[in-house]
Amino acid sequence: MEKKTVVVVDAMGGDNAPVEIVKGAVDAVNKSDKVQVILTGIEDQVRAELAKYTYPEDRISVLHASEVITTEEAPAFAIKKKKDSSIVVGQKLLKTGEADAFVSAGSTGAVLVGGVLVAGRIRGIERTPLGTLIPTETGVALLVDSGANADCRPSHLVQFAQMGSVYMEHVVGVKNPRVSIVNIGVEEEKGNALVKETFPLLKECPNINFTGSIEAREIPHGAADVIVCDGFTGNVILKLYEGTASTLVHVIKGGLKSSLRSKIGGLLIKPALKSTLKKFDASQYGGAPMLGLNGLVVKTHGSATANEVCNSIIQCITFKEQGINDKIRALLGRDAAKKGSESDKTGKEEA
């Protein structure tokens, strides 16, 4: 019998927990028979939500966690203090090998810090970035780092490019993905100190398809498949992307309701418009994987609904089946051997 992908889901994380989180977990096991879900959280609350649905009961279990980490708490302090939180309890299952992935819509800082402190980094990985799939005119692109590391060194960005290429090729299915670094111009001599130092390193990197710099306005057109930057820049790009998309949808809907003629026209174009707008719905792409950890940690939006939670769980199946972490180890192993003893300390000093 085929071994299932075991995904731990933080049932208490996010604005809509546990209602939407539990519903998303139920939708995932009903959608795919390849996944097994463990919900961590306050057991009676989680089971009360589960009781509302019909699902294969042998494929969802509940692991009690008496504490919840909130977004107001300092991440590192909370992870160390709240050992029985839904985040820590769930991530410990990654560390022991009892689970293949962990999904949470909870505190981003706590999820990221916990990933490093509890699960630990792959030997040789200097920093673990968030990789977020963003919609483009031609499909999707991976924005990496989208918010985990506000300050980076050139060597970090090179590893981001390598791990991002592995993810796009083997999870998304883009052969020989094009890699670009975010810049204020396409000329090689442009950029801040970080970009100028990183550009030649990416250019010389033999295992990526580096195509040069990319300006922000070219990202929506699909000019690159892997978009590399520090986490500060990436998070600004991501938030502006999301804000622009929601504003456009609001303005378009308002325009279509502004007169009788526009309402009639709206009815005629509704099927095509709905299909087009769906491409820019971030929830259908799941959450953002934290690349480079021992195990997979996926961070979903704090406002995630069942659909995004479900898709975040489903994406873990491909990640495991494609052996993404093994591929990252194989790709970076030679470089890792030179400085593995430093990076293998799970990065506690950097958390």
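Where does Asp145 lie? Asp145 is placed in the loop between β6 and α6 (154-172), and a cis peptide bond joins this residue to Val144. The model is predicted, with a mean pLDDT of 88 for the protein chain. The chain holds 11 helices and 11 strands, and 51% of its 351 residues count as buried.

**Confidence**

- Residues with a pLDDT of 70 or more make up 89% of the protein chain.
- Among the elements of the chain, strand β9 (residues 226-228) has the highest mean pLDDT, at 98.
- The lowest mean pLDDT among the elements, 66, belongs to helix α11 (residues 324-343).
- Over residues 336-351 pLDDT stays under 50, and for this stretch the model has 22 contacts beyond four places in sequence.

**Overall fold and surface**

- Of the contacts in the protein chain with a separation of 6 or more, 72% are between residues 24 or more positions apart.
- The accessible surface of the protein chain is about 16400 Å², and carbon and sulfur atoms account for 55% of that area.
- The structure has zero disulfides.

**Helix α8**

- Helix α8 spans residues 231-256 and has 26 residues.
- From its first C-alpha to its last, α8 reaches 37 Å, close to the 38 Å expected at 1.5 Å a residue.
- At the N-terminal end, α8 is capped by Asp230: a side-chain oxygen of Asp230 lies 3.0 Å from the backbone nitrogen of Phe232.
- The buried residues in α8 include Gly231, Gly234, Ile237, Leu238 and Tyr241.
- An α-helix has 3.6 residues a turn, so residues three or four places apart point the same way.
- Cover for the buried residues of α8 comes from elements including β5 (131-136), β6 (139-144) and β7 (178-182).

**Cis peptide bonds**

- The bond between Val144 and Asp145 is cis, with omega at about 15°.
- Another cis peptide bond joins Ala17 and Pro18, where omega is about -5°.
- Pro18 is located in the loop between β1 (5-10) and α1 (19-31).

**Asn176**

- The loop between α6 and β7 contains Asn176.
- Asn176 has a positive phi, near 50°, in a residue other than glycine.
- The relative accessibility of Asn176 is 52%, so the residue counts as exposed; the exposed class begins over 50%.

**Glu126**

- Glu126 sits in the loop between α5 (108-119) and β5 (131-136).
- Glu126 counts as buried because its relative accessibility is 7%.
- The side chain of Glu126 forms a polar contact with the side chain of His156, at 3.4 Å.

Notes
Residues numbered from 1 in each chain as written. Predicted model: local features only at pLDDT ≥ 70, side-chain atom pairs only at ≥ 80, totals over all residues. Heavy atoms only, no water. Helix = DSSP H or I, 4+ residues; strand = E, 2+ residues; numbered from the N terminus. Buried < 20%, exposed > 50% of the residue type's maximum accessible area, 1.4 Å probe, protein only. Polar contact = N/O pair within 3.5 Å; in protein donor to acceptor, adjacent residues only side chain to side chain. pLDDT = per-residue confidence, 0-100. Contact = heavy atoms within 4.5 Å. Disulfide = S-S within 2.5 Å. Expected span 1.5 Å × (residues − 1). Areas by Shrake-Rupley, 256 points an atom, 1.4 Å probe, with all protein chains shown as cover.
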